[in-house]
Number of protein chains: 2
Amino acid sequence: MTRPRAAPAGVPIAEAAARTGLSIDALRYYERDGLLLRPVPRSATGHRRYSAADLRWVELLTRLRATGMPIRDMRRYAALVRAGAGNEAERLELMRAHRRLVLDRLAEVTEHLGAIEHKIGVYEDALAEAAEARRAASA
Amino acid sequence: MTRPRAAPAGVPIAEAAARTGLSIDALRYYERDGLLLRPVPRSATGHRRYSAADLRWVELLTRLRATGMPIRDMRRYAALVRAGAGNEAERLELMRAHRRLVLDRLAEVTEHLGAIEHKIGVYEDALAEAAEARRAASA
DNA sequence: GGTTGACCTGGAGTGCACTCCAGGGTCGAG
DNA sequence: CTCGACCCTGGAGTGCACTCCAGGTCAACC
């Protein structure tokens, strides 16, 4: 087997932060807050070592966060996953509810975006007209 | 002319709240914070009377908010509009920057949504398979 | 052996966008 | 004249999601 000495088995928190885009503080905060599936394993000196699975989970969390899921709900979801098999229906419900929310917000933002683009158009026209007026005056 | 007695000329804050979807407190907060184009005019008894123009402006603010513009930027924009004609280029720049932000966020959320839908699919499959197993067992 | 750097903990502090509250005025209905 | 509804002000409080800090451990390098 290719296991020379005791392998490191996981990356330190600084690298976990770099890979997930979260800050070191946020990673520790997530753990304290029960958002992770387990306490992150420690090295002999008490330093956290994030496994690939830990990182994948944190990445899922960042996706949920980026789509507006509150910490509270992520905690609930983490608790369900920690509880193990048997509550898939509940997890599915949670995810579906979140998708509804995201879709609704997406639609709302898109609609407001229309109004903003309209506003931009108005300014563009006004500025173009002003430029035209200057051109005419200087002629 | 159809002006029977002194017309009310504007709606009270409760109605402004109902129309804009903001709370009464939020409306007062926006005003204190310099987000409005002018101090809202008052009735003889000191109560605010929102004109149609005031309401239109607040509605624009809610659109900007709903698309994630921070209060600070709305204040800057309000200041530009208050300053009057001549800074249209700056206003346009502000709006364009905001549009960029909204489009970026929209793209990001849409991408994450894909991952979430995938997750939903996984749960759906798992649950369907479990149901199938139960059916087979009971047969 | 001293310094540096990465990490640890518990807890305090921050920024944002409201939200709530005490204390008070005005007005119309009963 | 009292009551309730509506509004006012200044200021304190809230919830969220971090972020920062003091004080400390440990390993490695000079």
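This is a predicted model: local features need pLDDT of at least 70, side-chain atom pairs count only at pLDDT 80 or more; totals for chains, interfaces and linings use all residues.
## The surface near DNA strand D

Let's start with the DNA. There are 18 residues around DNA strand D, and those that come nearest are A:Asp25, A:Tyr30, A:Ile71, B:Arg28 and B:Arg48. Sorted by class, this surface has six charged, four polar and eight nonpolar residues.

Which elements supply at least two residues each to this surface? From chain A they are α2 (24-32) and α4 (71-82), and from chain B α1 (13-20). The largest share, four residues, comes from α2(A).

## Touching the sugar and phosphate

Several polar atoms of the protein can be picked out beside phosphate oxygens of DNA strand D. In chain A, a polar side-chain atom of A:Ser23 lies 3.4 Å from one phosphate oxygen. Chain B takes part through B:Ala14, where a backbone N or O atom lies 3.4 Å from a phosphate oxygen.

## Where chain A and chain B meet

Now for the protein–protein side. The contact takes 33 residues from chain A and 33 residues from chain B. Between the two chains, about 3100 Å² of area is buried, and carbon and sulfur atoms give 75% of it. On the chain B side, B:Arg63, B:Ile116 and B:Tyr123 supply 20% of the area that chain B buries against chain A, more than any other three residues.

## Polar links and the helices behind them

How many salt bridges does the rule find across the interface of chain B and chain A? There are six. In one of them, the side chains of B:Arg63 and A:Glu111 meet with an N to O distance of 3.9 Å; B:Arg63 is also one of the three residues named above for buried area. Across the interface the rule also finds ten residue pairs in polar contact, with both residues at pLDDT 80 or more.

On the side of chain B that touches chain A, the elements giving two or more residues are α3 (52-66), α4 (71-83) and α5 (88-138) of chain B. Of these, α5(B) gives the most, with 26 residues. By class, this side of chain B divides into 18 nonpolar, eleven charged and four polar residues.

How values were computed. Residues are numbered from 1 along each chain as its sequence is written. Chains are lettered from A and ligands numbered from 1 in the order in which they are written. Side-chain values use heavy atoms; hydrogens and water are left out. A residue is near a molecule or strand if one of its heavy atoms lies within 4 Å of it. A polar contact is a pair of N or O atoms within 3.5 Å; within protein, one must be able to donate a hydrogen and the other to accept it, and residues adjacent in sequence count only if both atoms are side-chain atoms. Ala, Val, Leu, Ile, Met, Phe, Trp, Tyr, Cys and Pro count as nonpolar, Asp, Glu, Lys and Arg as charged, and the others, Gly among them, as polar. Contact means heavy atoms within 4.5 Å. Buried area is the accessible area (1.4 Å probe) that two parts lose on being put together, summed over both. A salt bridge is a side-chain nitrogen of Lys or Arg within 4 Å of a carboxyl oxygen of Asp or Glu.
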